[in-house]
Amino acid sequence: MGNDNVVFGIDVSSRKSHVCEMIGQDNVIKRYEISNDQIGFNILLNNLRIFAQKPEIIFEATGVYSERLQSFLDAYHFSYCRLNPLKAKQQLMRFRVNKTDKHDAYSLANSQYIFHRRPEYRIAPTYKKLKSLGHYYDQLTHDLIISKNRLHRILQESFPDIEQLFATPKGENYWQCIIKFPHPELVKTAGLDNITKRLMTLKRVGHHRANYLAQRLLDLANITYASVPVDFPQVAQARDYAQRLITLTSKRKEIVTQMVTMARQLKHDNLSLLTSVPRISNTTAVLLLGTLGDIRRFRNPNALNAFVGVDLRHYESGQFTAADHISKRGNAMARKILYRTIGQMVSASYYHQSHIADYYAQKKKSSQSRNSKKIAIAAVHKLIRTIYHLIIYGQKYDYQFANHD
């Protein structure tokens with residue numbers, strides 16, 4: 001970047017943005033304010049088009065508010081640098097003598113002549129869709145956990161022992177049983193034959209299985225003690241939460257199906273490369289593609305580590321040296337997915353061998369500490385390097401090769 005390059009610093013707020021145009025450090029062309037709508041963006045577009053060479057544009061990521069500006073710049077094929085808020089705070093500290101939106105736009109523009117930041121990698125629309133669906137999937141998962149907890153609390157009043165009907169109190173058939181029989185009195189008055197007929201409407205439940213479940217329900221209804229009568233609101237609430245869980249689970253499956261279809265339309269077959277790693281399912285693979293985006297844009301595995309937020313931070317001052325720890329400044333959702341994947345790999349390592357699970361077991365065996373979190377993070381590092389290698393070289397996972405390497 002030359003000192004005569006034009007830079008647009010844009011400080012984005014919820015309804016308006018402040019723009020500072022500069023040509024050379026400390027040389028302001030003009031400052032102005034725009035609204036974050038079609039009218040304001042048209043003003044910005046006209047000012048951008050004045051210059052023969054496309055200006056460098058820099059702004060700070062402010063969640064959903066900066067998404068509108070980013071979408072506008074993408075539509076008109078302008079390159080830009082979107083700063084992480086934490087990174088922006090660190091880099092602009094020397095410029096922010098006074099903290100105002102107007103001054104922040106100046107600081108953003110002026111700092112570009114010092115840091116010479118590279119333009120943002122332009123994400124393909126398919127990756128943007130995968131990212132959006134991945135966030136929706138995560139929100140539904142959060143809602144699912146909340147609804148499960150609420151259903152459990154309600155059942156402690158209306159029908160506590162129904163949770164013993166199945167080996168694990170979850171799944172569509174279990175929730176359908178709650179919808180049909182949320183209170184022991186409803187079981188007692190229905191009778192064995194009627195209960196059996198109603199349970200035969202469940203998925204993959206024949207007469208023999210339905211009869212067994214009906215008898216089990218009657219036994220549970222006879223020993224349980226409900227703290228509320230059958231006509232209390234808790235009974236209707238139990239049905240409502242059970243139906244909500246069925247709806248949320250179905251919606252999550254639909255989203256995964258959508259994401260798998262999209263992933264198969266990508267230029268590179270990243271989906272099959274990721275699912276070749278033991279215990280990485282279609283669901284895990286598409287969620288990783290949504291959170292990590294195009295892995296080929298990273299220069300090396302360390303850059304991918306930093307993006308995820310598992311890069312190590314070292315602090316040393318005088319004679320004091322702190323224990324190394326991960327930065328946690330990257331993508332929290334990607335960290336969560338990768339961390340859980342390690343758990344799945346380890347638990348299924350007997351049937352699904354991987355060099356990552358072997359590494360975890362070896363470290364666990366030799367470790368004197370009972371804390372396995374650090375070992376899991378080290379395994380995440382290894383998994384990231386593996387994923388990066390498979391994607392970059394277009395290779396499917398091979399345990400023998402990985403173990404030898």
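A salt bridge here is a side-chain nitrogen of Lys or Arg within 4 Å of a carboxyl oxygen of Asp or Glu. By that cut-off the structure holds 9 salt bridges.

Some ground rules before selecting anything. This is a predicted model, in which local features need pLDDT of at least 70, side-chain atom pairs count only at pLDDT 80 or more, and totals for chains, interfaces and linings use all residues. Residues are numbered from 1 along each chain as its sequence is written, and side-chain values use heavy atoms, with hydrogens and water left out. Helices (H or I, at least four residues) and strands (E, at least two) are DSSP runs, numbered from the N terminus.

**Stop 1: K16 and E33**

Select K16 and E33. Their side chains form a salt bridge, 3.7 Å from N to O. The pair links distant parts of the chain, 17 residues apart: K16 sits in strand β2 (residues 16-23) and E33 in strand β3 (residues 28-35). For accessibility, buried means under 20% relative accessible area, exposed over 50%, and partly exposed in between (1.4 Å probe, protein chains only). K16 is partly exposed at 37%. E33 is partly exposed too, at 45%.

**Stop 2: D74 and K128**

Next, select D74 and K128. The N to O distance of this salt bridge is 2.8 Å. D74 counts as buried, at 14% relative accessibility. K128 is partly exposed at 36%.

**Stop 3: K203 and E172**

Move to K203 and E172, whose side chains meet in a salt bridge of 3.2 Å, N to O. K203 is in the loop between α8 (192-199) and α9 (207-223), while E172 is in helix α6 (residues 172-180), 31 residues apart. K203 is partly exposed, with a relative accessible area of 45%. E172 is partly exposed as well, at 30%.

**Stop 4: α14 against α16**

Show residues 332-347 and 373-393. These are helices α14 and α16, whose axes come within 9 Å and cross at roughly 100°. Axes are lines fitted to C-alpha atoms, for helices over the stretch in contact, and angles run from 0 to 180 degrees between N-to-C directions. Angles of 65 to 115 degrees count as roughly perpendicular, under 35 as roughly parallel, over 145 as roughly antiparallel and the rest as oblique. The two helices, α14 and α16, are therefore roughly perpendicular to each other.

Which residues of α14 and α16 meet? On α14, pick L338, Y339, T341, I342 and M345; on α16, pick K373, A376, I377, A379, V380, L383, I384 and I387. Contact means heavy atoms within 4.5 Å.

**Stop 5: the cysteines**

A search of the whole structure finds 0 disulfides, a disulfide being a pair of cysteine sulfur atoms within 2.5 Å. Select C20: the nearest cysteine sulfur, that of C81, is 16 Å away. C20 is buried at 0% relative accessibility. C177 is also buried, at 0%.

**Stop 6: two positive phi angles**

Finish in the loops. H116 is not a glycine, yet has a positive phi of about 50°. Look for H116 in the loop between α4 (101-115) and α5. H116 is partly exposed at 40% relative accessibility. R279, also not a glycine, has a positive phi of about 70°. R279 lies in the loop between α11 (270-275) and α12 (282-292). Its relative accessible area is 38%, partly exposed.
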